[in-house]
Amino acid sequence: MGFNQPVVDTSPKVSDEVRKTTCYMCACRCGINVHMKEGKVAYIEGNKDHPVNQGVLCAKGSAGIMQVNAPSRLRAPMKRVGERGSGEFEEITWEEAYDIAMSKLKPIRDEDPSKLAFFTGRDQSQSFTSLWAQGFGTPNYAAHGGFCSVNMAAAGIYTMGGAFWEFGQPDWDHTKMLMIFGVAEDHDSNPIKMGLGKIKARGAKVVGVNPIRSGYNAVADEWVGITPGTDGLFILSMLHCLIKAGKIDLDYLSQFTNAPVLLDETDGGAEEGLFLKDKDGKALVIDRNTGKLAPFDGKGVYPDLTGTHRKAGVTHRTVFHHMIERYMSEEYAPEAVAERCGISAKRIRKLAAELADVAFNQAIELDRPWTDFRGKKHDKMVGRPVSFHSMRGISAHANGFQTCRALHVLQIMLGSVETPGGMRFKPPYPKPATAHPKPHCKVTPGAALDGPHLGFTHGPDDLCLREDGSAARIDKAFTWENPMSSHGMMHMVISNAHAGDPYKIDTLFMYMANMSWNSSMNTSGVIEMLTDKDEDGNYVIPNIIYSDAYSSEMVAYSDLILPDTTYLERHDCISLLDRPICEADAVADAIRWPVVEPDRDVKGFQSALCDLGARLGLPGFVNEDGSQKYEDYADYITNHIRRPGVGPLAGWRVGEDGLQGGRGEVNEAQLDAYIENGGFWMEHVPEDAAYYKPFNMGYQDWAVKMGFFDAVQPYIFQLYVEPMRKFQLAAEGHGERQPPEHLRERIKHTLDPLPIWYSNEPENLADQYPVTALTQRPMAMYHSWGSQNAWLRQIHGHNPLYVPTKIWEQNDFEEGDWAKVVSPHGEIVVPVAHMAALNDNTVWTWNAIGKRKGAWALEENAPETTKGFLLNHLIHELLPANGDGMRWANSDPITGQAAWFDLKVRIEKSDVAGQTLPDFAPQKSPVGKGPKDLAWKLGK
Amino acid sequence: MTTLPTHTEKKLGLVIDLDTCVGCHACVVSCKGWNTENYGAPLSDQDAYGANPSGTFLNRVHSYEVQPEAGPAQLIHFPKSCLHCDDAPCVTVCPTGASYKRVEDGIVLVNEADCIGCGLCAWACPYGARELDQQEGVMKKCTLCVDRIYNENLPEEDRQPACVRTCPAGARHFGDLGDENSDVSKLVAERGGVDLMPEQGTKPVNKYLPPRLKDDYTNTGDIDILAPLLEPVAPDAKGILGWLDKALEKL
Amino acid sequence: MHPAPSIILFTVLSGLGFGLMIFLGLGMPSPTGISAFIWFAIAYILAVGGIISSTFHLGNPKNILKSFSQWRTSWLSREGCLAVATLLVMGIYGAALVFLNMRIPLLGYVGSALALATVYGTSMIYAQLKTVPRWNHPTTSVMFIAYAVSGGALLAGQVSLAVWFLPAAALLQLFIFLTADGRFSAAGSTIASATQLGNIGSVRQFEPPHTGSNYLMKEMIHIVGRKHALKLQIISVVLLFTPVLLLLLPFSHALALVAVLAHVAGVIVARWLFFAQAEHVVGLYYDKR
Ligand SMILES: Nc1nc2c(c(=O)[nH]1)N[C@H]1C(S)=C(S)[C@@H](COP(=O)(O)OP(=O)(O)OC[C@H]3O[C@@H](n4cnc5c(=O)[nH]c(N)nc54)[C@H](O)[C@@H]3O)O[C@H]1N2
Ligand SMILES: Nc1nc2c(c(=O)[nH]1)N[C@H]1C(S)=C(S)[C@@H](COP(=O)(O)OP(=O)(O)OC[C@H]3O[C@@H](n4cnc5c(=O)[nH]c(N)nc54)[C@H](O)[C@@H]3O)O[C@H]1N2
Ligand code: SF4
Ligand code: SF4
Ligand code: SF4
Ligand code: SF4
Ligand code: SF4
Ligand SMILES: [Mo]
């Protein structure tokens, strides 16, 4: 029959124009094609050419159009008119805003720059903001790393010159077995999903180690529902099995790690446990060819793992000797750890055996000749195709640094770091701790700080202490309490500033951090500190200046608001000087540019800093004649020179013969070149430089050419981290700088230069609070900012507490029930839901869904505020008082990383229900409320 | 015209890999984005910033927990959109002819110009693949991105559904399931793709690839096969060092 | 399923209206002149009123005329056509009675047949749906017709017939209440068949796709109200039986009116349950029915 069906236009016009920029719905920084109609954003999709996402886009990225148009966007600078927290503001001009800011900042800088604390949350421009802070002269600068994942970053860098996340990734194309520890989402959101897709398609095996089986762990072929906080023990137990069976890569360990380096064993000596060094300070090994002492990197030297050196009646043995002795000990036998970890001994053995099987029986070889730093030529690249990935699940614990170390050591012992099929670094990493700056804290009124704030300490001399031994920084980073706190400790700023310990500050200047809400521990407490007044009725923290783009909870607690643009309305650069977006096979950086002009009186925060920097006359922000150096951030991005030939962007710089990537002079048209190219620059790593990067001269030379560093700097992996031993020596009484008595024992114990495991349960009162409470990132939400998004909030509008079968039945919970959750610090009332694929003693919820009434331009009865909640109210920045009445920070004793996941709770059925508790009085919305209904369409 | 075509030249559809889907909702939102701006009326949202936000979505990702006889429970993310059934009850019940199945490719569409919004087609669909847009009052459903897959204004490689293009894990595949030599058909054969609710007799075109065998301690990792691998080379640290020397000699 | 008042009214009223037409068509009663006008007015008000109220359920009624086009496949379309045909034929038949005091039997018989068919058409809109096992059953049509015929007889004052039809309808309704619960499971769709994950183990929903609600859940997953099902079932059966008793008492207009009201109330309650108790298989995907 004649089938008369309607005619459909199958080739409608898609858009007037496509503008390519970089997503910032999260920190993964994928490339996006923004389809424009009538000059407005019509549709956003992934950029197929982009190194990060190769065309794919996550839920958040695709919802960008609802973010750029969110009713919660701030409209103009504002000054607080009501009480802090009320949300009552008055819109002002930028000139007024700058005047107010100057009236606070100028005197501070002239008298005592340390009275300013400048902390920058989810900052993607740290090389810029830190330059500003350095110019201002305050020691009190950091971004959010300290409460995020510094354990992962620092452990990786101290051990092998880089970690996972944006530093490194599994060799997705070659790996045959991936073990993924404690990851729900990670920064590398899309690449990890793409990678998992790849290895799944290949039928390679994925093992998920996680108390919770969702997301990545749901697709894992095997799930290890480990007891939280015990990964270190589990890892060291597998290491025990592997060493015992000789299933470790001896050749790799000899040549590329400090396993063969000799340790001073002079009993009680001031150098005990430090490397034996030659006169040039080179660590010494025994050369197997000659049997004699030799510098580890000597030409043609083949270091001996089992070497010994006898001198003055003392036998000095290698790091490897010590490792064997420690990890062969029965305390690491599977039987000894099984119960603690909640993994059977048989299972631990099986997994270790599988690692051995894949690493050694299924080794792969690439026919790529390369030359190492000792001048030795290798005709092929041998790979151990087991790979690991890991994130906050192991790092956000007080034993996280040592656990991350343990994992890195395990990979290295298997010879799977920087080898085919294993874990690969992304340029400009690898970069050893020694190649990073040390922390600086010398304050001079009216002048710049003596150097970069953040860095890597290599011993007591590098700590940021004042003459009297007190902390030089408001967050007490780089002190004996956490000597290796490389990212600072943003989570301590507000409580320390409130307590005036180590000293009082005048102005708290923050950017892009919702510190009165989801990014703070002890949220209710922090709210009190922010609003607390002294006897004369002044706020205890006198001034708070804050830059946000949206009507967040933090806005309400600030005195002066510098409204930022949305990510599609400004210039940004994702620089190699910051957190790079490179992939293992390519170096890349990218920009954002105003694909739409703001329709409000807002300004990119970095541009505002250019203005403020000039008004304050900060070095680097004014010309000789004192005039403003950078008109705005775009100007800075193009014209700033960091080191000869090196600026914020590495693409299309001016060289002898035309434009080039890497080093080069300023190119005035650089941003246009980026826009032309789709918003990013990328250059591929040469084939012979693709693996063994730290030891591979092919890579080293290329890295210098690209400008990652100025001279080749090959190095070996630090299984044994000598700086940690130096802190121990101090604790043992050696050296000038001595720790306070109450910290000696803890330092001796926790700063072990070889990975150890210790429990965090006693100090968290696990005997009375037996259940671990965790959070996970929802893939379709970014912290607090997803909720203002009309599409995303339909997916995650509220969050139940997920409870495992055992606890569900113990409390005979039923669907729709509410529970009271109590921690040593506080109590919340929340809805519960059942989950079977969950560790028996763990409960969890989605992170940062709960909102304060009145925030984010949502109705005050929005589900986020009535059925959504934060665990943060239960987590204190200090641990419960211990024996001697002391309260230690709820942080890793080495890095100061916030120990979010050590939270222990009790849970019981609640008779009250319907409104999550604590519940806060609404804040007034400075931007009004959103429209009732939406039907978004530009076309016709 | 609601009589179903006796035969369609192609059977275009999706193949969804439940072994790989991580449940990220990317497909859900990119679908919302594309179809809000394109085919027919926008997908509206009610009470968008209020107490009961709800809106029209053509693709939603469910998640299920499965408890096997032995072994730990499993969690499976489960995306669901129109399956473009061969025997589509949603089409035949439509009084106006707005609902129809295309002869050339088997795509089931709603011609919004004819739709009275009676909702009967949504009642007739077993899979919950149709949603009546509350603003426009017309029936909405997955169009299989009919305005992308043939779209001459898009580069060749982009002529695929928005959800497929965006899926980070590569868990969504698009193609002609009528042609047994197509990649999708091969994939379905290889992985034993299945129909949802076959008993409803709708003959879905879309297929689902079941999750691979999980937590199988016997196939790869049977300790008895692998045991020799962990055979101690020596009882204690001392012994290991002795063994080491020999091992190192061999290098 | 969501018991939308517009649809409940539509089915109940139009059922009655067309039921009454069945008898008018058969000439029982066979009034003429002004009284004929009143009889037909009642029938038309009920039938047309029902149809009009059903349009309140439409999202986009402006295309209504299109809905007569798909009679080949669509019961909703067929029902529309039949209704219109019935109203036309009955219109002419009635006009003849009112204005010419003339009864054209053949036209009447055709009219009643069409009225009956219309009710059957209505019933098939629901009975055809495999997705709602509770409806997908012959008793659905029988029930709609039973109500039309008994209600019609009652309105038409055919007491001698009504006393048989009414209890029959009530008994049928009772039978449905007693048997329909089993149909969903009998139909064989389960969360396992819906997800095809049953071969791994027992399946339950972990999280709904959205924390926000949606059209499907509002329209097809109606668990509230079911708690009172039993109570309401008893009430409706009692109401459905009351007219019988009343009719057995000596006739009075008051009683007749009460009888009609009781019957209509009974049908409305039964019809509310018809929707509220109906479970759509899509509920399986939400682990709710
Ligand atoms: N319980 C619990 N708490 C946690 C965690 C956890 O796992 N569990 N995770 C912790 C971790 S790792 C982190 S990193 C923190 C993250 O927490 P935050 O650092 O607070 O991050 P966000 O909530 O994303 O928002 C920061 C602020 O940036 C604002 N913003 C968004 N876009 C822009 C912009 O373009 N310009 C400006 N100026 N501002 C913008 C947002 O409106 C928001 O107010 O949370 C921590 N808190
Ligand atoms: N969509 C989305 N992406 C994001 C973010 C977001 O908010 N949304 N935030 C970004 C930020 S700031 C960060 S820091 C990263 C964090 O990325 P992730 O590290 O993935 O962060 P979490 O979601 O906290 O996941 C921690 C995981 O560790 C598990 N876990 C907790 N304790 C333990 C343990 O003791 N052992 C093991 N093995 N596992 C454990 C938890 O179950 C959870 O799965 O994500 C980034 N990416
Ligand atoms: S992962 Fe998603 S949100 Fe983050 S940058 Fe990429 S697309 Fe944007
Ligand atoms: S985008 Fe892909 S991985 Fe994400 S939910 Fe959809 S199908 Fe699953
Ligand atoms: S899935 Fe539902 S809407 Fe789609 S064709 Fe099948 S029956 Fe119709
Ligand atoms: S809602 Fe529209 S498409 Fe669906 S049956 Fe009614 S008229 Fe047809
Ligand atoms: S094919 Fe197109 S319409 Fe259908 S689900 Fe995917 S994106 Fe949505
Ligand atoms: Mo973070």
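Close-up 1. Helix α14 (392-395) and strand β30 (771-776) of chain A each supply at least two residues of the shell around ligand 2. Here helices (H or I, at least four residues) and strands (E, at least two) are DSSP runs, numbered from the N terminus. With three residues, β30(A) gives the most to this shell. Of the 33 residues around ligand 2, those that come nearest are Asp231(A), Arg392(A), Gln776(A), Arg777(A) and Met781(A); a residue is near a molecule or strand if one of its heavy atoms lies within 4 Å of it.

A word before the next view: this is a predicted model, in which local features need pLDDT of at least 70 and side-chain atom pairs count only at pLDDT 80 or more, while totals for chains, interfaces and linings use all residues. Residues are numbered from 1 along each chain as its sequence is written, chains are lettered from A and ligands numbered from 1 in the order in which they are written, and side-chain values use heavy atoms, with hydrogens and water left out.

**Close-up 2. Backbone atoms meet oxygen atoms of ligand 2.** A backbone N or O atom of Ala184(A) lies 2.7 Å from an oxygen atom of ligand 2, and a backbone N or O atom of Gly229(A) also lies 2.7 Å from an oxygen atom of this ligand. For Gly393(A), a backbone N or O atom lies 3.3 Å from an oxygen atom of ligand 2. The protein covers 100% of the 920 Å² of accessible area that ligand 2 has on its own. Accessible areas come from the Shrake-Rupley method with a 1.4 Å probe; for residues, only the protein chains shown count as cover. By class, the shell has 15 nonpolar, 11 polar and seven charged residues. In this grouping, Ala, Val, Leu, Ile, Met, Phe, Trp, Tyr, Cys and Pro count as nonpolar, Asp, Glu, Lys and Arg as charged, and the others, Gly among them, as polar.

**Close-up 3. Strand β30(A) sits between covered faces.** Six of the six residues of β30(A) are buried, so this strand is largely enclosed by the rest of the structure. Buried means under 20% relative accessible area, exposed over 50%, and partly exposed in between (1.4 Å probe, protein chains only). On one side, Val771(A), Ala773(A) and Thr775(A) are buried, and on the other Thr772(A), Leu774(A) and Gln776(A) are buried too. Five bridges join β30(A) to strand β34 (residues 842-846) of chain A, and the two run parallel; two strands pair if DSSP finds at least two bridges between them. Within β34(A), Trp846(A) is the bridge partner of Gln776(A). With strand β35 (residues 904-909) of chain A, β30(A) pairs in the antiparallel sense over two bridges, and Lys904(A) in β35(A) is the bridge partner of Thr772(A).

**Close-up 4. His783(A) has a positive phi.** Follow the chain into the loop between β30 and α25 (792-795) of chain A to find His783(A). This residue has a positive phi of about 40° although it is not a glycine. Most residues other than glycine have a negative phi, and most peptide bonds are trans. His783(A) is buried, with a relative accessible area of 13%.

Close-up 5. Among the 30 residues around ligand 1, Asn514(A), Asn518(A), Asp548(A), Ser784(A) and Trp785(A) come nearest. A polar side-chain atom of Asn518(A) lies 2.7 Å from an oxygen atom of the ligand, and an N or O atom in the side chain of Arg122(A) is 3.2 Å from an oxygen atom of ligand 1. A backbone N or O atom of Ser547(A) lies 3.3 Å from a nitrogen atom of ligand 1. The protein covers 99% of the 900 Å² of accessible area that ligand 1 has on its own. Both α5 (145-148) and β23 (543-547) of chain A supply at least two residues each to the shell, which has 12 nonpolar, 12 polar and six charged residues.

**Close-up 6. Chain B surrounds ligand 5.** The residues around ligand 5 include Cys82(B), His84(B), Cys85(B), Cys90(B), Cys125(B) and Arg130(B). The shell divides into 10 nonpolar residues, one polar and one charged. Cys85(B) counts as buried at 8% relative accessibility.

How values were computed: A polar contact is a pair of N or O atoms within 3.5 Å; within protein, one must be able to donate a hydrogen and the other to accept it, and residues adjacent in sequence count only if both atoms are side-chain atoms.
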